[in-house]
Amino acid sequence: MPIFFYKANETHGYLSNFAEFDFYSEGVHWKTSEHYYQAHKFSNEKIIREIIEAPTPQRAADLAYMHADEMVENWEKIKEEIMYKAIENKFEQNLNIKKLILDTRDELLIEAADDDGYWGYGCEKKGKNRLGSLLMKYRSLAQNRLGLFHEEK
């Protein structure tokens with residue numbers, strides 16, 4: 001049975017980039033995976049610092065949107081790699097939610113974002129669900145490293 005997630009304060013909200021699970025990476029304390037993702041859109045240190053210091057993930061996203069014309073040129077090529085790094089850091093450094101994602105076993109994870117057909121399932125529920133796909137990739141690799149959920153053949 002698919003697991004739908006979207007808002008951080010709802011069931012399975014820990015899967016959301018807006019969920020407040022912090023981590024350290026690249027010598028920086030990141031408040032959320034959304035902060036990490038949004039900051040990596042830029043090379044301008046002032047913008048990056050503003051996003052890092054944003055009090056909420058929504059403010060981090062808003063700041064990135066405000067500076068959209070200053071994003072790194074190769075963003076479309078690297079955005080999934082950046083998102084995966086955010087996911088990996090978040091779950092590897094927050095063992096309570098790592099257990100939760102591992103416990104979803106092989107269920108389909110779907111970001112129920114009506115307004116995002118790339119990261120979520122979109123308004124017609126036919127979107128790419130790339131966030132769900134990257135979460136499932138992380139889960140599968142983590143399960144393999146731990147030797148979990150493999151049936152004898």
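Contact, as the word is used in this report, means heavy atoms within 4.5 Å. The structure described here is a predicted model.

## The loop between β4 and α6

Leaving aside neighbours within four places in sequence, Gly127 is in contact with Gly117, Gly120, Tyr121 and Gly122. Its place is in the loop between β4, which spans residues 109-111, and α6. The relative accessibility of Gly127 is 27%, so this residue counts as partly exposed. Between the C-alpha atoms of Gly127 and Ser33 there are 21 Å in space, while the two residues are 94 places apart in sequence.

Lys125, which lies in the loop between β4 and α6, has a phi near 60 degrees, a positive value in a residue other than glycine. Asn129 is found in the loop between β4 and α6 as well, and its phi is positive at about 50 degrees although Asn129 is not a glycine. With a relative accessible area of 8%, Asn129 is buried.

## Helix α5 and its two partners

Helix α5 covers residues 95-102, and helix α6 covers residues 130-146. The axes of these two helices come within 10 Å and cross at roughly 95 degrees. Because of that angle, α5 is roughly perpendicular to α6. On the side of α5, the contact is made by Lys98, Ile101 and Leu102; on the side of α6, it is made by Leu135, Tyr138, Arg139, Ala142, Gln143 and Leu146. By class, the residues of this contact divide into six nonpolar, one polar and two charged.

Helix α5 also meets α4. The axes of α4 and α5 come within 6 Å and cross at roughly 110 degrees, which means that α4 is roughly perpendicular to α5. Here α4 contributes Lys90, Phe91 and Glu92, and α5 contributes Leu95, Ile97, Lys98 and Ile101. The residues of the contact of α4 with α5 divide into four nonpolar, no polar and three charged.

What does Ile101 touch, not counting residues up to four places away in sequence? The residues are Tyr14, Leu15, Phe91, Leu109, Leu135, Tyr138 and Arg139.

## The largest nonpolar core

The largest nonpolar core has 39 residues. Those with the most contacts inside this core are Leu15, Ile51, Ile87, Phe91, Ile101, Leu109 and Leu135. Several elements give two or more residues to the core: the strands β1 (3-5) and β3 (28-30), and the helices α1 (33-39), α2 (45-53), α3 (57-66), α4 (75-92), α5 and α6. Which element provides the largest share of this core? That element is α4, with seven residues.

## Buried residues in a strand and a loop

Val28 is found in strand β3. Its relative accessible area is 16%, and Val28 is therefore buried. Apart from neighbours within four places in sequence, Val28 is in contact with Phe23 and Ile52. The C-alpha atoms of Val28 and Ile110 are separated by 29 Å, and these residues are 82 residues apart along the chain.

Asn17 is placed in the loop between β1 and β2, the latter being residues 23-25. At 7% relative accessibility, Asn17 counts as buried. A polar contact of 2.9 Å joins the side chains of Asn17 and Ser33. Not counting residues up to four places away in sequence, Asn17 touches Thr32, Ser33, Glu34, Met83, Lys90 and Leu131.

Ser16 likewise has its place in the loop between β1 and β2. With a relative accessible area of 3%, Ser16 is buried. Beyond its neighbours within four places in sequence, Ser16 is in contact with Phe5, Tyr6, Lys7, Ala8, Ser33 and Lys90.

The accessibility values of the residues discussed individually are set out below.

| Residue | Relative accessible area | Class |
|---|---|---|
| Ser16 | 3% | buried |
| Asn17 | 7% | buried |
| Val28 | 16% | buried |
| Gly127 | 27% | partly exposed |
| Asn129 | 8% | buried |

The cut-off behind these classes is as follows: buried means under 20% relative accessible area, exposed means over 50%, and partly exposed lies in between. Val28, at 16%, is accordingly classed as buried, whereas Gly127, at 27%, is classed as partly exposed.

How values were computed:
Residues are numbered from 1 along each chain as its sequence is written. This is a predicted model: local features need pLDDT of at least 70, side-chain atom pairs count only at pLDDT 80 or more; totals for chains, interfaces and linings use all residues. Side-chain values use heavy atoms; hydrogens and water are left out. Axes are lines fitted to C-alpha atoms, for helices over the stretch in contact, and angles run from 0 to 180 degrees between N-to-C directions. Helices (H or I, at least four residues) and strands (E, at least two) are DSSP runs, numbered from the N terminus. Angles under 35 degrees count as roughly parallel, over 145 as roughly antiparallel, 65 to 115 as roughly perpendicular and the rest as oblique. Ala, Val, Leu, Ile, Met, Phe, Trp, Tyr, Cys and Pro count as nonpolar, Asp, Glu, Lys and Arg as charged, and the others, Gly among them, as polar. A nonpolar core is a set of buried Ala, Val, Leu, Ile, Met, Phe, Trp, Tyr and Cys residues joined through side-chain atoms within 4.5 Å. Buried means under 20% relative accessible area, exposed over 50%, partly exposed in between (1.4 Å probe, protein chains only). A polar contact is a pair of N or O atoms within 3.5 Å; within protein, one must be able to donate a hydrogen and the other to accept it, and residues adjacent in sequence count only if both atoms are side-chain atoms.
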